[in-house]
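Subject: Structure for you to look at

Hello,

Here is the structure I promised to pass on. Please open it alongside this message, and then read my notes below.

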Amino acid sequence: MEFDALLLSRLQFAFTIGFHIIFPAFTIGLASFLAVLEGLWLKTKKPVYRNLYLFWVKIFALSFGMGVVSGVVMSYQLGTNWSVFSAQVGSVIGPLFAYEVLTAFFLEASFLGIMLFGWKRVGPKLHFFATCMVAIGTLMSAFWILAANSWMQTPHGFAFANDGTMVATDFVQVIFNPSMPIRFVHMVLAAYLTTAMVVAGASAFTLLTKKAVAESGTALRMGVLMMAIVAPLQIAAGHESGKVAHEYQPAKVAAMEGWWETRTQQPTLLFGWPDEQAETTHAAIGIPGMGSWFVAGDVNAELEGLKAFPKEDRPPVWLTFWAFRIMVAMGLAMVALGVWGAVVWALKRIDRATLYHRALVLAAPSGFVAVLAGWISAEVGRQPYVVYGVLRTVDAVSPVAAGAVATSLLFFIIVYAIVFSAGALYILRLMAKGPETEERAPEDASEPPGSPLATGVASASAKEG
Amino acid sequence: MKPPTIEGPPEPGDPKRPLGESLLWFAALWVGGLVAVAAVAYALRALIV
């Protein structure tokens, strides 16, 4: 493997987008969570919703800021490291990025001021309107970014101009390209699930440490409800996304599944070690026919393996294969936690299910891991193209020296390690502290925290004990 | 005591602001946010153009 400008530019983009994506993946869901909390507070006037809002809005503001900072770096790289890509496809996807800034980013960023500093000044209803605008802005932002990225996966509605650059012939087809609708759904559900896991994990932690019991119990229920509903939906959305990917990017799906031979009854591999030199997957353990059934709805369907594609058109297999498995494993773990949560809730034990709370704390980052693994399998699986089937990655890189890219990559690693570690640690400290509450602190260790709910929980525990 | 940076909702005893004043604050904060974003965007643009 040669560390040339191409590989270093890819590593740099992967590094910066890897940091960036975790923030929007969190804030998209968190903005909607805040809108729901404020709506519930407006309707019921229960202080628990206000306290939760004021707690999570701080974390939202920090995450939003870090998302903006890390996003700016990425747009610069399109010019510095991927200038040929920008020149070739700028007329097609440049407007999508512009729409994202004009319609989504400005919406969320400008209403954020009211959200943070204006509750007393503008009053509850106008403040709720601002929170909703921020939530809608985050969703619109996801829409435009997914439109641009999906166009790179399944390019439609464009033609080549006389100078060889691509121009849009139909912007509706560019935006609503074949993979865009289901990838947008998949990403938004991933964001909601990521937020649900963090909210449930943080609330479980504060319940374990007996802080803000009423607030933590409410947020835990909201997180578990979201998990129980969204995790199965996400599995279904991922399945549909896989079917679209197979239709338009069969080599990517073959790499995700570790299929080398074209055959009927393609298996679903639970484990394996893909070997690109030997063109096989070692130690494969799979369920025969399940792959064909998942993708084509028929166990006897004949599906292409990687050998059906010229070597120069195949994506890196090992990374795509394992990233996909990690994403699916995280998804299944979230479904299991959702079911577990629903069961303990139905048994009225959700506030004192210590083992479940510990599992939730452990699983709090699972949404981020799933988003990153999913992103890697989608983007590495798109290789060796930057615009699938149209523009190869090797032909899209800037004519820059490897040393220059290595220097900027090193700089990014150092700066990101300092800035984002500090930000992430501060957020973790806030989460560990828990929401402000009207609960009276216990005067001795045997006394429960003072909310009616907490007292009820403690009494129930005492009776059972 | 220093008021919190992130503002909470009006307390039950707080006098209600007139609608016109609330709307003015709403517009001022929104425009303020917009101007802040635009200023940062143009400053960044000036760095590279």
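**A buried loop residue**

Ala212(A) is buried, because its relative accessible area is 6%, and the cut-off for buried is under 20%. Keep in mind that this is a predicted model. Ala212(A) sits in the loop between α7 (180-208) and α8 (213-248) of chain A. Its phi is near 40°, a positive value in a residue other than glycine. Most residues other than glycine have a negative phi.

**Other backbone points**

Where else is there a positive phi of about 50°? Look at Gln265(A), which is not a glycine either. Gln265(A) belongs to the loop between α9 (250-257) and β3 (268-275) of chain A. Is Gln265(A) buried or partly exposed? Its relative accessible area is 33%, so Gln265(A) is partly exposed.

Lys348(A) follows α11(A) and has a positive phi, near 60°.

There is also a cis peptide bond, and it joins Gln383(A) and Pro384(A). Its omega is about 5°. Pro384(A) is placed in the loop between α13 (366-381) and β5 (385-387) of chain A. Most peptide bonds are trans.

**Chain A as a whole**

Chain A contains 15 helices and 6 strands. Its C-alpha trace spans about 75 × 50 × 40 Å along the principal axes. The radius of gyration is 24 Å. A compact globule of 465 residues would have a value near 23 Å, so chain A agrees with that expectation.

How much of chain A is buried? The figure is 51% of the 465 residues.

Take the contacts in chain A between residues at least 6 apart in sequence: 77% of them join residues at least 24 apart.

On charge, chain A carries 30 positive and 30 negative side chains. The centres of the two sets lie 13 Å apart.

Helix α5 of chain A covers residues 124-153 and has 30 residues. From first C-alpha to last, α5 reaches 43 Å, close to the 44 Å expected at 1.5 Å a residue. α5(A) is mostly covered, with 21 of its 30 residues buried.

Helix α11 of chain A covers residues 317-346 and also has 30 residues. α11 reaches 44 Å from its first C-alpha to its last, close to the expected 44 Å.

Start with Thr27(A), which is in helix α1 (residues 5-44) of chain A. Thr27(A) has a relative accessible area of 6%, so it is buried. What does Thr27(A) contact, leaving aside its neighbours within four places in sequence? The partners are Phe60(A), Ser63(A), Phe64(A) and Thr138(A).

Next is Val199(A), in helix α7 of chain A. Val199(A) is buried, with a relative accessible area of 2%. Not counting residues up to four places away in sequence, Val199(A) touches Phe33(A), Trp56(A) and Ala219(A). Glu38(A) is 161 residues away from Val199(A) along the chain. The C-alpha atoms of Val199(A) and Glu38(A) are separated by 16 Å.

Why does Ala363(A) count as buried? Its relative accessibility is 12%, and buried means under 20%. Ala363(A) is in contact with Met197(A) and Leu337(A), leaving aside neighbours within four places in sequence. Ala363(A) and Met197(A) are 166 residues apart along the chain. Their C-alpha atoms are separated by 6.9 Å.

**Chain B**

Chain B has 1 helix and 0 strands. Of its 49 residues, 18% count as buried. The accessible surface of chain B comes to about 3,800 Å², and 73% of that belongs to carbon and sulfur atoms.

Best wishes

Methods:
Residues are numbered from 1 along each chain as its sequence is written. Chains are lettered from A and ligands numbered from 1 in the order in which they are written. This is a predicted model: local features need pLDDT of at least 70, side-chain atom pairs count only at pLDDT 80 or more; totals for chains, interfaces and linings use all residues. Side-chain values use heavy atoms; hydrogens and water are left out. Helices (H or I, at least four residues) and strands (E, at least two) are DSSP runs, numbered from the N terminus. The radius of gyration is taken over C-alpha atoms; the globule rule is 2.2 Å times the number of residues to the power 0.38. Buried means under 20% relative accessible area, exposed over 50%, partly exposed in between (1.4 Å probe, protein chains only). Contact means heavy atoms within 4.5 Å. Lys and Arg count as positive and Asp and Glu as negative; His and the chain ends are not counted. The place of a charge is taken as NZ of Lys, CZ of Arg, CG of Asp or CD of Glu. The expected span of a helix is 1.5 Å times one less than its number of residues. Accessible areas come from the Shrake-Rupley method with a 1.4 Å probe; for residues, only the protein chains shown count as cover.
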